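Q: Please take a close look at one helix-to-helix contact in this model, and then at the pockets around it. Which residues meet there, how are the axes set, and what lines the pockets?

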Amino acid sequence: MIKKLWNDGGVRRMLLTFAATELVCSGLMVGVFALLGKYTPQVAVGAIVGSVLAVANFAVLSIGVEKSVETFDREGNPAGAKLAVQLSSSVRLLVMAAVIFVLLKAGVGEPVSMILPLLFTRVGTMALSRATKTKESKQ
């Protein structure tokens, strides 16, 4: 399944876009922490953990949607496919919250730098949307 998704040019491009967005935004975030005099190694650890969680969340989302689409095609059950995607969304959110909670309780990472990267995927979504619109308007 993962190899199939990776070979899909659209999914690969989106994953790489999100990973690049996370790298750039997390780097800027760490820079802001440094400029404010609040940088510690925990900030970098938090940025790495948050970025990995954000990209992994998108990858698992892609896999879940792909499985739901395959199920819909095979069974002709759009309501079931929609429910599967919604359930997957809830489970992913709970798993990310649990991972962040456990890591923060263990003293790994700085809370703000761990949570902010989860919001950076919105920047990636906007960048990807803008790039797609620009590409379509040139054609």
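A: In this predicted model, the H3 side of the contact with H4 consists of Val 49, Leu 53, Asn 57, Val 60, Leu 61, Gly 64, Val 65, Ser 68 and Phe 72. They meet Pro 78, Ala 81, Ala 84, Val 85, Arg 92, Met 96, Val 99, Ile 100 and Leu 103 in H4. By class, the residues of this contact are 14 nonpolar, 3 polar and 1 charged.

As for the geometry, the H3 and H4 axes cross at roughly 160 degrees and come within 9 Å. An angle over 145 degrees counts as roughly antiparallel, so H3 is roughly antiparallel to H4. The crossing in which H3 passes H4 is right-handed.

The largest pocket holds about 370 Å³ of space. Its lining has 16 residues, and Asn 57, Met 96, Leu 118, Thr 121 and Arg 122 are the closest to its centre. Two of these names come up in the helix contact as well: Asn 57 on the H3 side and Met 96 on the H4 side. At least two lining residues come from each of helix H3 (41–75), helix H4 (78–105) and helix H5 (111–138). H4 gives the most, with 6 residues. Sorted by class, the lining of the largest pocket has 10 nonpolar, 4 polar and 2 charged residues.

The second largest pocket has a volume of about 160 Å³. Two elements give two or more residues to the lining of this pocket, helix H2 (9–35) and H3. H2 supplies the largest share, 6 residues. The residues that line the second largest pocket are Ala 19, Glu 22, Leu 23, Ser 26, Gly 27, Val 30, Ala 47, Ile 48, Ser 51, Val 52 and Val 55. By class they are 7 nonpolar, 3 polar and 1 charged.

Technical notes: Residues are numbered from 1 along each chain as its sequence is written. This is a predicted model: local features need pLDDT of at least 70, side-chain atom pairs count only at pLDDT 80 or more; totals for chains, interfaces and linings use all residues. Side-chain values use heavy atoms; hydrogens and water are left out. On a 1 Å grid over the protein atoms alone, a cavity is a set of points where a 1.4 Å probe fits but cannot get out, and a pocket is an open set with protein on both sides within 12 Å along at least five of seven lines; lining residues have an atom within 4 Å of a point. Grid points are joined across faces, edges and corners, and a volume is the space filled by probe spheres set on the points. Helices (H or I, at least four residues) and strands (E, at least two) are DSSP runs, numbered from the N terminus. Ala, Val, Leu, Ile, Met, Phe, Trp, Tyr, Cys and Pro count as nonpolar, Asp, Glu, Lys and Arg as charged, and the others, Gly among them, as polar. Axes are lines fitted to C-alpha atoms, for helices over the stretch in contact, and angles run from 0 to 180 degrees between N-to-C directions. Angles under 35 degrees count as roughly parallel, over 145 as roughly antiparallel, 65 to 115 as roughly perpendicular and the rest as oblique. A crossing is left-handed if the near helix is turned anticlockwise from the far one by less than a right angle, and right-handed if clockwise. Contact means heavy atoms within 4.5 Å.
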